[in-house]
2 protein chains.
Amino acid sequence: MDNAATTKPLNIIKEAYKQYAENEWYNPSALYAPSAHASKKMDDIRKTILTALHAHTGHIVFTSGGTESNNLAIMHAASVAKNGHFVISAYEHASGYATVKAVEQAGYTVSFIMPNDDGIIEPETVANAVNEQTLMVSMMHVNNETGALNDINAIAEKVKQKNAKTFFHADGVQGFLKVPFIIGDAIDFYSMSAHKIGGIKGTGALYVKNPKNLRALLYGGAQESGMRAGTENTFGITAFGLAVEHHALDYDKANALRQRLLNGVNQIEDSVINSPLKDGCYSPYIVNVSFLGVRSETLLHALETEHIYIGIGSACSSHKRTNRIHDALGLKPEIAESAVRISFGEQSTQEEIDIMLIAIEKQIKILRQFKRR
Amino acid sequence: MDNAATTKPLNIIKEAYKQYAENEWYNPSALYAPSAHASKKMDDIRKTILTALHAHTGHIVFTSGGTESNNLAIMHAASVAKNGHFVISAYEHASGYATVKAVEQAGYTVSFIMPNDDGIIEPETVANAVNEQTLMVSMMHVNNETGALNDINAIAEKVKQKNAKTFFHADGVQGFLKVPFIIGDAIDFYSMSAHKIGGIKGTGALYVKNPKNLRALLYGGAQESGMRAGTENTFGITAFGLAVEHHALDYDKANALRQRLLNGVNQIEDSVINSPLKDGCYSPYIVNVSFLGVRSETLLHALETEHIYIGIGSACSSHKRTNRIHDALGLKPEIAESAVRISFGEQSTQEEIDIMLIAIEKQIKILRQFKRR
């Protein structure tokens, strides 16, 4: 129940590893035939990903993950001019947020956009923040803590109307293949991660609409058309391709799981749903909820005794004491300190939701009694 | 015979993949027990690598490969001051060379050190180039095209005597576990790559003597003690650990393979050994040789018809027309254009050397006839 942190790799990848280890481990940059095969396979997977995005143009650059993809896009924008302006949401994932903060420290200015009462970012609000100096707007497709779904095509279009030269980047790590999406012409960069959709950790990709002159983040060999140096992680890329081809993430099924969870939570006393509830404003894969009086981490460990694993915010920032995202959402302290994240994957079932709800009810009853003594 | 480009992954990694896919795929940053297990496993592998380096201090940061490790170390040095001086060898791998060239473009100055007549970099020459402003000296341990072995401990000590504040970084990608080595106190950073020693592509490491205040290259989550953001490639790291533990690279065996190859090559008319020959100046794993009158790529493809794969320079730069390394070595055009790289791995045998020598002799006889017609 913490699939937003990572997912179990698809079974089919086991066979792919065997093939890699036997016949497909060659360096794709070498000049003999097995290397050319490895190189062609990567190019086929680029096409598979472009097709999954419904893109009719653009290029896929493979990276070491969503974090590197976000860094690559944002640092490219910063390389265009010695100073300028960035616009991001206040609830970006750490990898986008920290990169923009580094850019800010280097002398660029940044506007942070707050979500509206429905928990999403409004295109108008973003456009109002864009000015002549804005180098890039970077906005999450789906928020990793609440599941808030932003209409990034609409945001990107508004941004381009205000300043056609401004790059638009979306962190699509929690959105790619989890919500219906056709990448629009106004989107210049879109970050993806393999291990969130059944691939393995250590591989990501960046969709680049216009690959010409993309500034590399890692310098070195001419791999990835000069956009990303380093011997390609061909096994990770193969697994990524398989995850995209064979993904069985089902929007309607996820919606049914979400509804069953929300119905159950609503019957628990003093519970608060922190995820957006309005139609069109959420991904069904992530639900954020608070059981008042029970601290997030306490509930996590209580459920762990029953072999149920949930999340508290982003795993990437799980060891931090304060939560920037909760602040951005304006959660009251008693709600913030008890917020947990439940997130579905391909294997999640309604039965699992029911088992979890019983466990939650049992555990919070014990924990609340303990607290009130 | 192109193991310097990449190696076949060790068989034991197949079983490790199964374990990863079944029970070890959890996000190491999450707070429940299987995640803590994944995190502890990574820490154990850090210790394994430190032990392999015979390091009594320092920290291992996992990266996406040798390229990222080199970028991380060099960019850290550039972050220390707004301007300053770098010293590198003229025959660094593209990932070190291009990073320093990027730093040069940003306004830093760079001295490029040429190898001596034995093909190695002399400590005195390096020290002479170091001044008060030198932020970093970056030198390969083993050159990836010729196998030249530099005494990086001696170089680092001389550098520190000249300027104690200068960082010393070594690209150890072709040296780690291939030549006897005890990391000395004067070395601040040492880059390693898993897929050169039987691991899989997409994982590397940087030894950092003093991890305090290391500037991250990728911004984001607090993974890797804040030194490298992004969900860790736990499978790649596991494979790296296994490769280090089970590595059967045998210096004496490699030396015997090299000697057999050199003996054979010396019996071929118009052949030139481009690798260092002096004792202590070479890694036995890489031999660079020219068969005059036969272009490198032509020989590569001719041998490919007999299922023998050799390299021509670095795979990372194999599609380039000119070879910076050949220039640095001062190779005459007819030697440079026919230079090929033969490199051994764990599985290489004397029989394979003999088969290859027969094939080379046969093919160059045909190709030279063809040329002389």
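User: Hi! What rotation and shift superpose chain A on chain B?
Analyst: Hello! In this predicted model, a rotation of 180° with 0.0 Å of shift along its axis puts chain A on chain B, with an RMSD of 0.0 Å. The two copies are therefore related as by a two-fold rotation axis.

User: Nice. Which C-alpha of chain A is nearest the axis?
Analyst: That is the C-alpha of Ser64(A), 3.0 Å from the axis.

User: And why do we say the copies meet through the same surface?
Analyst: Because 98% of the interface residues of chain A are also interface residues in chain B.

User: Switching topic: how do H3(A) and H4(A) pack?
Analyst: Helix H3 (residues 66-80) and helix H4 (residues 94-105) of chain A have axes 9 Å apart, at an angle of about 30°. Angles under 35 degrees count as roughly parallel, so H3(A) and H4(A) are roughly parallel to each other. H3(A) passes H4(A) in a right-handed crossing.

User: Which residues make the contact?
Analyst: H3(A) brings Thr67(A), Asn70(A), Asn71(A), Ile74(A), Met75(A) and Ala78(A), while H4(A) brings Ser95(A), Gly96(A), Thr99(A), Val100(A) and Val103(A). Five residues of this contact are nonpolar, six are polar and none is charged.

User: One more: is Thr234(A) buried or exposed?
Analyst: Thr234(A) is buried, because its relative accessible area is 5% and buried means under 20%. Thr234(A) belongs to helix H7 (residues 234-246) of chain A.

User: What does Thr234(A) touch?
Analyst: Leaving out residues up to four places away in sequence, Thr234(A) touches Tyr20(A), Glu24(A), Pro28(A) and Met42(A), plus Lys201(B).

Technical notes
Residues numbered from 1 in each chain as written. Chains lettered and ligands numbered in written order. Predicted model: local features only at pLDDT ≥ 70, side-chain atom pairs only at ≥ 80, totals over all residues. Heavy atoms only, no water. Helix = DSSP H or I, 4+ residues; strand = E, 2+ residues; numbered from the N terminus. Buried < 20%, exposed > 50% of the residue type's maximum accessible area, 1.4 Å probe, protein only. Contact = heavy atoms within 4.5 Å. Axes fitted to C-alpha atoms, helices over the stretch in contact; angles between N-to-C directions. Parallel < 35°, antiparallel > 145°, perpendicular 65-115°, else oblique. Left-handed = near helix turned anticlockwise from the far one by under 90°. Nonpolar A, V, L, I, M, F, W, Y, C, P; charged D, E, K, R; others polar. Least-squares fit on C-alpha atoms with pLDDT ≥ 70 in both.
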